[in-house]
Amino acid sequence: MLDVKLLRNQFDEVKKKLAQRNEDISALDEFGDLDKKRREVIQKAEELKSKRNKVSQEISQMKRDKKDASSVIAEMQNVSAEIKRLDEEQRELDEDLTHILLTLPNIPHESAPVGAEEDENEEVRTWGELPEFSFEHKPHWELAKELDILDFERASKVTGSRFVFYKGLGARLERALINFMMDLHEDEHGYTEVLPPYMVNRDSMTGTGQLPKFEEDAFKIREEDYFLIPTAEVPVTNMHRDEIMTAEDLPKAYTAYSACFRSEAGSAGRDTRGLIRQHQFNKVELVRFVKPEESYEQLELLTSQAEKVLQLLKLPYRVLNMCTGDLGFTAAKKYDIEVWIPSNETYREISSCSNFEAFQARRANIRFKRDKKAKAEYVHTLNGSGLAIGRTVAAILENYQQEDGSINIPEVLRPYMRGKEKITN
RNA sequence: GGAGAAGUACCCAAGUGGCUGAAGGGGCGCCCCUGCUAAGGGUGUAGGUCGUGCAAACGGCGCGAGGGUUCAAAUCCCUCCUUCUCCGCCA
């Protein structure tokens, strides 16, 4: 959510920046009139309320003095009726304004490159050597099938398309990655581990920005008005919804493993094979609550911690600074980390590290005080995948494949796999 | 799922229609006293948000949430949410 005062005072500048995005911002034009109208109505209503409060005191005094108050009471009946009408008018204006504010995207940071399309994202750095195969390498779904560690067919029988069973060392590898990443972030990077609910309510989805605009992307439990989480970002960020932290609490850092559920509406036909695009996948998420003045250095830190996972796994990757048109709805700045997927002959997103500034904090009402007397300010929130597990499995299978179809297990994972060095038949 | 009870400021808690933005504690700030500590005495402060305003300030809202009754609601009525206790069911 944008800052109303900023929108009020610097409307043209804000509009110009929002126009750099790939988002519909037509709602913006109604803002000015509604906002002005709303304040007029509030003023009128408050004047009358002030009067009513005063006269009520007088009536109270008259009653105690045993005087007749009936003519004043009759007059107040009209005042109260008018107040009621104005309150109703304000309620409607509030509703319209809130709707507008909730559907406007975040303002891009100045360091985000201006651009409309994916190919205008800026490559910041690359890491690692791309593998060279002296044999014909295979996509991970073929390798997995031969090794009998992934079963897409039975999953689509049991549930539907875009679901998968992991089996044997495949399941073990997935679980090893979860534990390896969680241990790294908790023990080396100082995060507090959280295991969140996988369903959240509507307020939480609104707090982090999935709602109201992107309801079709989520799976919904209709009877309860709950949603399956698309990422642990939602429950973990909303843990502190409607709270005021102290300055010493910040930065606050959580890492959470969770399953993630996405409807993938609009992605029909894309990545239909393999682990890249599933309705349910596992992810280790990093979430940080920080002071506003620190949030950009904290974004660099967060991104480096996600990169560390790939470095330890010795998987080649690159980091992109996302352009304004590709930032998504909520981020002011976003780095995507992309891992090399040999079968795609390209890098694929495996982590997305974002600074939301106060955009989520304002929606979710997450604040802090610099000291006891200070006014509460909004925190800045950040999060990033650290990493998406399924895509990491795909990357390991493809990058670590051997000519005989076996997979070398990255050294750092071996303690998590009973010391095993290879996945073979 | 059934039956009860409760939700008031940072915490505990009083308050059943007007003089209650809300008694009283605790906590917190300052002062005094005691060699330090523990304890004691005095005194002060009270959250948040919205509107007008450069500001000082003024005003509105606020007692779990949302409606309603009334000139006037923490207080009366309705709906919902949460927590606790007991029973049932259950991984």
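Mentor: Let's start with a term: a salt bridge is a side-chain nitrogen of Lys or Arg within 4 Å of a carboxyl oxygen of Asp or Glu. This is a predicted model, where local features need pLDDT of at least 70 and side-chain atom pairs count only at pLDDT 80 or more, while totals for chains, interfaces and linings use all residues. Residues are numbered from 1 along each chain as its sequence is written, chains are lettered from A and ligands numbered from 1 in the order in which they are written, and side-chain values use heavy atoms, with hydrogens and water left out.

Trainee: Thanks! How many salt bridges are there between domain 1 and domain 2?

Mentor: Chain A is assigned domain 1 (4-103) and domain 2 (118-423), with bounds that come from an automatic or database domain assignment. Between domain 1 and domain 2 the count is one salt bridge.

Trainee: Which residue forms a salt bridge with Lys213?

Mentor: Look for the pair whose closest N and O atoms are 4.0 Å apart. The partner of Lys213 in that salt bridge is Glu23.

Trainee: How much area do domain 1 and domain 2 bury between them?

Mentor: Buried area here is the accessible area (1.4 Å probe) that two parts lose on being put together, summed over both. The centres of the two domains, taken over C-alpha atoms, are 43 Å apart. The contact (heavy atoms within 4.5 Å) takes eight residues from domain 1 and 11 residues from domain 2. With 47% of it on carbon and sulfur atoms, the buried area is about 840 Å².

Trainee: On to the RNA: which element gives the most to the surface near RNA strand B?

Mentor: A residue is near a strand if one of its heavy atoms lies within 4 Å of it. Helices (H or I, at least four residues) and strands (E, at least two) are DSSP runs, numbered from the N terminus. With 14 residues, the top contributor to this surface is H3.

Trainee: How many charged residues does the surface near RNA strand B have?

Mentor: Asp, Glu, Lys and Arg count as charged; Ala, Val, Leu, Ile, Met, Phe, Trp, Tyr, Cys and Pro as nonpolar; and the others, Gly among them, as polar. Alongside four nonpolar and seven polar residues, the charged ones number 13.

Trainee: How far does a polar side-chain atom of Ser60 lie from a sugar or linking oxygen of RNA strand B?

Mentor: Ser60 is among the residues that come nearest to RNA strand B, along with Gln77, Ser80, Arg367 and Lys369. For Ser60, that distance is 2.5 Å.

Notes: Polar contact = N/O pair within 3.5 Å; in protein donor to acceptor, adjacent residues only side chain to side chain.
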